[in-house]
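Dear colleague,

Please find the structure below, handed over for your review. A summary of the findings follows it.

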Amino acid sequence: RDAWQSAQGEVVRSLMAVHGDVFPPRQRRDVSAIAGSSVGMRPDVYCWHPEAWAPFSEHYGLLRSGEEVSLRGIADTARNRIDLDPGACATLDRYLRGVRPLALSSENLDLAEALVLLTHQAEHLRAPSASEAEVECYALQHVRPLVREAGWGTELATEIALHAWEISYPRLPPQFRTAACRNGGPLDRNPRSDVWP
């Protein structure tokens, strides 16, 4: 299994090199700092151009036995690297510039999903053997503190965290969800608090 994962990692790196050649992804230390403040480790984060990400994502899906893949980010533990799709990066860029999401808009869900995506990949780097369901649950729990860190208040932090939990999480494929991910459950990082996620 380890040999197969290593070989698959090499193939993915080769695909990334080919697709990133014409439109090289841009390293974002500011986005890396988000992972550092929440997960506690600072990966190298790269944001891709749409012209390169779309074909890379398509070829990545073929590598995964033709399964339908909606690739938004990928973590490479060997290189301590995270690569993100352009849409997520655009949302994180607005977050970093302090552009508050509009009330009652899809921007709240976009921000929730972008923060979960980044911290999900960072959790993979922090704990490479953890399952998709575990890292997704941990990533959900980073949303509220990250929104508060932006200075947007408790109410908006709650709203965006609930977008991640009540809208995004139920729509995920089964391997990303678990009954253990709940208030007071085994994956609750703050079991003494009733605040969830």
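**Disulfides and a helix pair**

Cys 47 and Cys 89 are joined by a disulfide, S to S 2.0 Å, where a disulfide is a pair of cysteine sulfur atoms within 2.5 Å. The model is predicted: local features need pLDDT of at least 70 and side-chain atom pairs pLDDT 80 or more, while totals for chains, interfaces and linings use all residues. Residues are numbered from 1 along each chain as its sequence is written, and side-chain values use heavy atoms, with hydrogens and water left out.

The link of Cys 47 and Cys 89 is left-handed, with -90° about the S-S bond. Cys 47 is buried at a relative accessible area of 8%, and Cys 89 is buried at 5%; buried means under 20% relative accessible area (1.4 Å probe, protein chains only).

By this rule there are two disulfides. The other joins Cys 137 to Cys 181, with sulfur atoms 2.2 Å apart. Cys 137 lies in helix α6 and Cys 181 in the segment after α7, so the pair ties together parts 44 residues apart in sequence. Helices are DSSP runs (H or I, at least four residues), numbered from the N terminus. The link of Cys 137 and Cys 181 is right-handed, with 90° about the S-S bond, and both cysteines are buried.

The axes of α6 (residues 132-149) and α7 (residues 153-168) come within 8 Å and cross at roughly 155°; axes are lines fitted to C-alpha atoms over the stretch in contact, with angles from 0 to 180 degrees between N-to-C directions. Therefore α6 is roughly antiparallel to α7, a term for angles over 145 degrees.

Yours sincerely

Note on methods: Helix = DSSP H or I, 4+ residues; strand = E, 2+ residues; numbered from the N terminus. Parallel < 35°, antiparallel > 145°, perpendicular 65-115°, else oblique. Buried < 20%, exposed > 50% of the residue type's maximum accessible area, 1.4 Å probe, protein only.
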